Amino acid sequence: VSAITFSVDETADRTVLAFSGELDIAAVAEIEPELTRLELARPGLFVLDLRAVTFLDSSGIRMILAADARAREQERRLVVVPGPEPVHRVFELALLDRRLEFVQDSSGIGTS
Amino acid sequence: MKLGRREKVAEWVAPARARLSVPAVVAAVSGPGVITALAPITDLEGKQGVTALYLAAIIAATTIGGLWSGVLAAGLSLLGLDYFFVSPFHGFTVDNKEPLITGGIAFLLAVLFVHRVQQRREAAQLRAEQAEVEMGRRASRQEALASFGRIALTGASAEELYDEVVRLVGEGLRVGMVGLAEFAPGSDDLVLRAGVGWREGTIGSRVSAERDSLAGYTLALNEPVVVQDLRQDDRFPGSPILHAHGGAGAISVPIRSPERSIGVITAISSQANAFSADDVIFMRAAANMFAAAVQRHRFADELRVARDEFQALIDASPVPIVVYDRDGVVTVWNPAAEEVFGWTAEEVIGSFFPIVPDDLREEFDRIREDVYEGRAFSGYETTRLRKDGSKVEVSFSNAPVRDAVGEIRGVVGIITDVTDRKRAERAIIESEQRLRLALEAASMGWWEWDVGTGVVRWSDNLEPIHGLPHGGFKGTFDAFLELIHPDDRQLLEDAVGRALAEGSGYDLEFRVVWPDGSVHWMQGIGHVVVDEEGKPVRMLGLGRDVTDRKRREEALAFLAEAGERLSGTLDYERTLREIARLAVPRLADCCVVDILDEERSPHQLAVAHVDPRLEELVRDLETRYPTDPNLPASPMGRALRSGQAELVERLSGAELRSYARDEEHAALLGELGLTTAMFVPLTARGRTLGVVGFLAGKGRHYSPDDLALARDLARNAALSVDNARLYSQRSRVARSLQRSLLPPELPAIPGIDVAARYRAAGEGMEVGGDFYDLFETDGGGWAVVIGDVCGKGADAAAVTGLARHTIRTAAFREERPSHVLQTLNDAMLRQYAQGTFCTVAFARLADTVRGRHAVLSSGGHPLPLLLTAGGEAHAVGSHGTLLGVFPDPELEDTEVPLSEGDVLLLYTDGLVEYYDQDVDVGERRLLELLRESAGKSAEAVAGRIETSLRETGNGNARDDIAFVVLKVSRAD
C-alpha cells in the first residue's frame, strides 16, 4: 500500500504536481498514470513539488528522471521543488542536484 | 218557500186591511150612490138594466178598493135596488124580500169573485216583484263575493282583504255595521281587526273570546249565530261594544281555515229580526271566502318568504347552484357558478348549459334523463369547463325540480369545485403510491398495534415479508411474536417492553422464520404513541426485510475475512480448509473443496459441516464414492468439466437420487437432508483449479445472490491458489536467476577477508535489482562491485546482467574505476530507453609501491564506508552521477589507502533505508555499527549487520539489501 497523496494545480502557464508522503515504488505505480495525463497537456512549466515528501527511493528517482527526460525531449521546462534534507540527499548522492533544475520557490519563475 | 195555512190567511188578510182606505170607501160609495141618484132622472124602465149597472159598480169598487170596498158597494147597491124596485118612493119598505136576498147573495158572490181574481193577480205580481228583488240581491251578493274573490286573488294586501270583506258584508246584508274580530297572532284573544259603522277608535279593541261574547259564542259553537234582538238578549254580557252601539238584530259567523280558527265576522242591523236564512248563507260564503283568501295570503306570504330565502340562499351559496330544463336550458345560475365557471347569469340563463365538455356530453344527457326519471345523484364526479376553456374537476349533486303537481320541470345541480381536492387527493394517492412503492421497494411494511385491544393492523406487504399468504397473519401481537425466530423472540419482547415502559421506541434487527422454515432477517422499527398521561396507547412500526442486506453484509464480512486469509498466506491448502470452515454455517451447512492435482483429477481438500457427525459422513462418502468429474448427473462434475457455476436452487429427493451411484449412496446422500446446492469452479487464468461445493438443507434455497457471493469467494480462492502455485514456481525461477546474477561463491582474495549478503525485499518472487560482484582483474588486481538497478523483475535482471558483464569486461580494458563506470553508462544509454538507470560503486584493489589501496568511484551510489583498524569509521570516495541517464556523468576516482585490519563496506541503499528513511541517519547508524564491530572478521561484521537488521525489525524491507564486507587481513 502506498503512503502517498498528491495534488495537482493546473493553471494556464504551469502545472504543479505536489506530492505528500513516501515516494516509493507503490507510490510511483499510483502516480504514473496521472503524470502521463498531465504531460499530455504539454505544460510549459511542470513543477514537481517534493516539499511534503518524507521518503524517496530509486523508483521515485526513476520517475522524476523519466519525466525530466520527456520534458527535455519535448522542450518543456521541468523544475523540482526539493524535499526535506533526507529526501534531497538522495538526489545529491546521485549528483542529480546538478542535473535537475531545483528551485526553492517555483512561483516566481516563468515558462521561458 | 212553503207557507203554512195560517200564513196564507194572513197573506190574504194583511193587504185588505191595509187597503180599506179613503179611496176604497169612495170607490165603494160613489158607484152605487151615483146609480141610485141618477135612476129617477134617467128613464130606467127595466130592472135588469139597473141591476147590471149596480153590478158593474160593485166590481169597480172591489177592483179599486178591494174586498171590503166591494162588500160596501154591494150593500149600497142592495139599498139602491130596494129603492127602485121595491118601493122607490115609499121609504125603504121591502115587500118582496125574496129577490132582495137573491140579489144580495149575487152581489156578494160577485164581490168575492172579483176580489179573488184581483187578489190572485196581485199576489202573482207581488211574488214576481219579490223574486225579482231576491234575484237582484242574490246576484249582487254573488257579484260582491266574486269581486272579493278577485280582489283576494289579485294580490291585495291583507288590510285590503279585511276592509273589503266587511264592506262586502255590509253591502250584501244592507246593514250599517259589520265587524271582523280576529285572533291576535299567537294569542287566544280576539281583536276587532276591521269593521264599518263603528265609532271611531273601536277598531283594534279587544273582543272577548269567551262564550259570554257573541264572537266567543260563535267560535265555541262553530256555527253561524243569528240574534233576533240584542237589546232583549242577555246571553252576551261580554260584548259591551255591541251593546254600546245599540244594534238590534245580529248575525255572527266563524271564519275558519281548514286547520285553524281565524276569527268571527258579525253583521249588526239596527232592526230586530233582520236576517234571513239567505243572509246566513251569504255570511257563511263571505266568511269562507275570506278565510280562503287569508289562507292564500298567508301561503303567498310564506311562499314569498320561502322564495326570498331560497333565492338568498342560492345567491349567497359559495357553491355553484344551477337549474336547467330537459333541453339543458339554464334557468338558475347563481353568483358562485359565475365565479367558478366564468359565465354570468345573463349570458347563461335561457341558453344551453355551457359547462359540459364536448366529450362528456353523452354523460350529461344520460344523467339529465335519469334525473327526469326521478333519480337523484349525489357526489358524482366529473369534469366541467370554464369560460376560458380550462377544466374544472367537479363533484355535483343533481335532483329533479318538481312543480305543484309533481311533474318534473328541471334539474337542479349543486356543483362543487373539487379541483383542489382532486389535486390533493391525487397528491395523496400519488404520495401513498409512492410511499407504498417505496415501502415495497425497501421491502418495508407498516403495522399499528392498539395496546389496549391488542389488535394489530398492518399493510398488505407485511405478510409476504413474513412469508405469509395474503390474509395469513392473525393480527395479534402474540401471533406476531410467533413468527420471530425463537432465539430473537426474547430480544424483541424486551425491546417492545422497554419501549412501552419508557414511551420510546426501538430499532433492531431480528430473524423471522417463514412457514417454510427459512430464516429471514428483519429490521423492525417501533414507535410508541402515548396519551396525555403518558400511557402507551398505540405502537406504530415499520418492518423491513433486510435479509438481502444482512446476507450481503455477512457475505462481505465473509469475503473480507476469506480474502484476508487467502492473501495473507501462500499456504493455500490450509487457507482453503479455513474458508470451508468459514463458509459454515454462514453460507452453507456443508462446504467441500475439491482441487485438481497435476493430473487434473480431483481430490477433496476440505470438508466442513455444521454437524461433526455429518462431516464425517461427507468424508466417508468421498472416500467411498470419490468425485468423478465425468459423471454426467453430478453438478459438481459438470462444474469441473465446464468451468461454469452450477446452482441447484431446489434440490429434490429425485434429483439427489440421480447423483447416487447405488442405493446405499442414495441413502447416505438422503441422510444429509439437503435442499439446495451450488458448485463453483475455482478458475484462474482460464484454468479450472478445482471446485467449491456449498450445500444446505432445512428448507434453505440458494438464490442467484448467493451464487454471486459464492463466485466472489471462489474467485478469491482461485486467485489465491493460483498465486500460491505461481509464487512457488516464480520464486523458484527468481531464486535461480538471482543466483546466476551473483557470484556463485566468493573468490578467495589473498590478504583480503570477504563476506557478502544479499537479501531480496518481499517474498522473493521477483528478481531484485541489487547485485554485487567480486572478480580478479588483469594484472593480479581485484575488483569489487556493488550496484542497484532501478526496478525489479525480468527487466531489472536484464540490466543487472548487462551491468555485471559490462563492468567485468570494462575492468579488463579500463584502469580507472570512473572509466569503467563511464563505459557502463554509455552501454546503458545505448541499450535502454530513458528511465533505466543504475547506481554502482566500483573499487579496484591494488598493491602499489605506496602500499595496498583501493581506488573507487561511485556512479550515484552510496559511498563505501571505511572502518580503520583504529576504530574510525567514515565514508570514502566522492559522489558521482548515476548511470544510464546522462551522457556526461560526473565520476571521480578516489584512492583510499588500506592498512591491515581496515574494513571496507560496500552496500546498497536498501541497507541504510532499512535503518531509517533518512539515508544520512541510516548511514550514521551503519557507521556506528561498524565501529562496534572493530576487530571482527569480515564474516562477523556481516553477521553483526544482519543481526541488526533483524533487531531493527521494521518488517519487510521495501528494497533489496546487498552488501559486501572486505577486511584487509595482511597489508603486504
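Predicted model: local features only at pLDDT ≥ 70, side-chain atom pairs only at ≥ 80, totals over all residues.
Residues are numbered from 1 along each chain as written, and chains are lettered from A in the order written. Local features need pLDDT of at least 70, side-chain atom pairs count only at pLDDT 80 or more, totals for chains, interfaces and linings use all residues, and side-chain values use heavy atoms, leaving out hydrogens and water.

Me: How many residues of chain B are in contact with chain A?
Reply: Contact here means heavy atoms within 4.5 Å. On the chain A side, 23 residues take part, and on the chain B side the number is 25.

Me: Which residue of chain A forms a salt bridge with Glu890(B)?
Reply: A salt bridge is a side-chain nitrogen of Lys or Arg within 4 Å of a carboxyl oxygen of Asp or Glu. The count between the two chains is four. For Glu890(B), the closest N and O atoms are 3.6 Å apart, and the partner is Arg99(A).

Me: What distance separates the end C-alpha atoms of α2(A)?
Reply: Helices are DSSP runs (H or I, at least four residues), numbered from the N terminus. The expected span is 1.5 Å times one less than the number of residues. For the 16 residues of α2(A) that gives 22 Å, which agrees with the end-to-end distance in the model, 22 Å.

Notes
Helix = DSSP H or I, 4+ residues; strand = E, 2+ residues; numbered from the N terminus.
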